[in-house]
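Subject: Structure handover

Hi,

Here is the structure I promised to pass on. Have a look at it first, and then read on for what turned up.

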Amino acid sequence: MEYVRLGTTGLKVSRICLGMMTYGSPSWREWVLDADAAKPIVRRAAELGVTFYDTADMYSLGGSEEVTGRLLRAFFHRRDDYVLATKVYHPMGDGPNERGLSRKHIMASIDDSLRRLGTDYVDLYQIHRWDYETPIEETMEALHDVVRAGKARYLGASSMFAWQFAKAQHAADVHGWTRFVSMQPQYNLVYREEEREMLPLCADQGVGVIPWSPLARGLLAGSRTRDGEHTTRARTDAIARELYSDDDLAVAEEARRIADARGLPVAQVALAWVLSRPVVTAPIVGASRTGHIEDAVAAVSVTLTPEEIAALEAPYRPHVVTDHS
């Protein structure tokens, strides 16, 4: 495993981040694994040197945070041995203040997350999306107060437009509040729209990039082909069908061709491409089997040739920008 700084901070994270959305309650999503099924996967991640773990309050409506906290305490001797990230924004109940990025919701949510995670602080507290109903100054001041209270060490953001991210950072700078140190965008071989504005902004500002869905929700790992959908998640994941279409299969097929020529699993090739991007710190990888995390860690050591990278990128087709709200 390799370890790198998150952006320009002094925080060191593993080059692979294990996404914990897969673990929690199967009643939330059919493909989610309960704690017992998740245990060997998280154990293997820890054994392989993965120290970076990402979850969110809305995953399994808190269930993912509970499983995450329990398993990380089981497999790491000290809290300082791993980097824990969670998020706030999505609805956690039916009440009008149980969602969004208001001061009220942020202050309640961080305490709820810490209770479920069984820890005094998170290393990275992220806003899951942009809140169009709350002034960004209110959000940034509340997040700053979370850091000042010792409940979070760093702040991050997730999918939004580059102008929104720049506005948030400006608000923090003007008032002397804590800036975001990371951005979590959707980024993979079949969705590269963040290359237009967000990734150059992050590179210029020294912001760490931790992409979600680096395997396009399994599309780039072979879960979906022209013959049909081959995993439970692929068959039941409605969001994947919204984000990716059969038009994207040409990219997946090129990744498969290169993987076969190399004698590698296709997931390793797709992740190696993401890892080759200079602005990327650590892709967030979901794993429903131990082999998935083993492939992800192995991808850190895969170096693609310029010719392979060009071939992987050639079939790309532009997409409508999605999932920014």
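Predicted model: local features only at pLDDT ≥ 70, side-chain atom pairs only at ≥ 80, totals over all residues.

Buried is under 20% relative accessible area, exposed is over 50%, and partly exposed is in between (1.4 Å probe, protein chains only). Helices (H or I, at least four residues) and strands (E, at least two) are DSSP runs, numbered from the N terminus.

α10 is mostly covered, with ten of its ten residues buried. Val266, Gln268, Trp273 and Leu275 are among them. The cover over the buried residues of α10 includes α9, β12 (284-285), α11 (290-299) and, once again, α12.

**A patch on the surface**

Now for the outside. Tyr132, Phe161, Trp163 and Val321 make up a nonpolar patch on the surface, and together they have about 420 Å² of accessible area. Patches are built from residues with over 30% relative accessible area and no salt bridge; like charges are joined within 9 Å, and nonpolar side chains (Val, Leu, Ile, Met, Phe, Trp, Tyr) within 5 Å. The areas come from the Shrake-Rupley method with a 1.4 Å probe, and for residues only the protein chains shown count as cover. Trp163 belongs to helix α5 (residues 162-175), and its relative accessibility of 51% is why Trp163 counts as exposed.

**Salt bridges**

Side chains of opposite charge can pair when their charged atoms come close. The rule for a salt bridge is a side-chain nitrogen of Lys or Arg within 4 Å of a carboxyl oxygen of Asp or Glu, and by that rule the count is 18. Here are some you can look up:

- Arg15 pairs with Glu2, with 4.0 Å between the closest N and O atoms. Arg15 is in the loop between β2 (12-14) and β3 (17-19), and Glu2 is in the segment before β1 (3-5), so the pair ties together parts that are 13 residues apart in sequence. Arg15 is buried at 12% relative accessible area, whereas Glu2 is partly exposed at 40%.
- Glu65 and Arg116 meet at 2.7 Å, N to O. This pair links distant parts of the chain, with Glu65 in helix α2 (residues 63-75) and Arg116 in helix α3 (residues 103-117), 51 residues apart. Glu65 is buried, with a relative accessible area of 0%, and Arg116 is buried with 13%.
- Glu193 forms a salt bridge with Arg196, their closest N and O atoms being 2.6 Å apart. Glu193 is buried at 6%, but Arg196 is exposed at 56%.

There is a network as well: salt bridges that share partners join Arg44, Glu47 and Glu294.

What else does Glu65 touch? Leaving aside neighbours within four places in sequence, Glu65 is in contact with Thr55, Ala56, Asp57, Thr86, Ser113, Arg116 and Leu117.

**Arg79**

One last stop is Arg79, in the loop between α2 and β5 (83-88). Arg79 is buried, with a relative accessible area of 17%. Not counting residues up to four places away in sequence, Arg79 touches Leu84, Thr119, Tyr121, Val122 and Asp123. Arg79 and Tyr121 are 42 residues apart in sequence, and their C-alpha atoms are 9.6 Å apart in space. A polar atom of the Arg79 side chain lies 3.0 Å from the backbone oxygen of Tyr121, and the Arg79 side chain also reaches the backbone oxygen of Tyr82, at 3.1 Å. Both are polar contacts, meaning a pair of N or O atoms within 3.5 Å; within protein, one must be able to donate a hydrogen and the other to accept it, and residues adjacent in sequence count only if both atoms are side-chain atoms.

Cheers

Methods: Residues numbered from 1 in each chain as written. Heavy atoms only, no water. Contact = heavy atoms within 4.5 Å.
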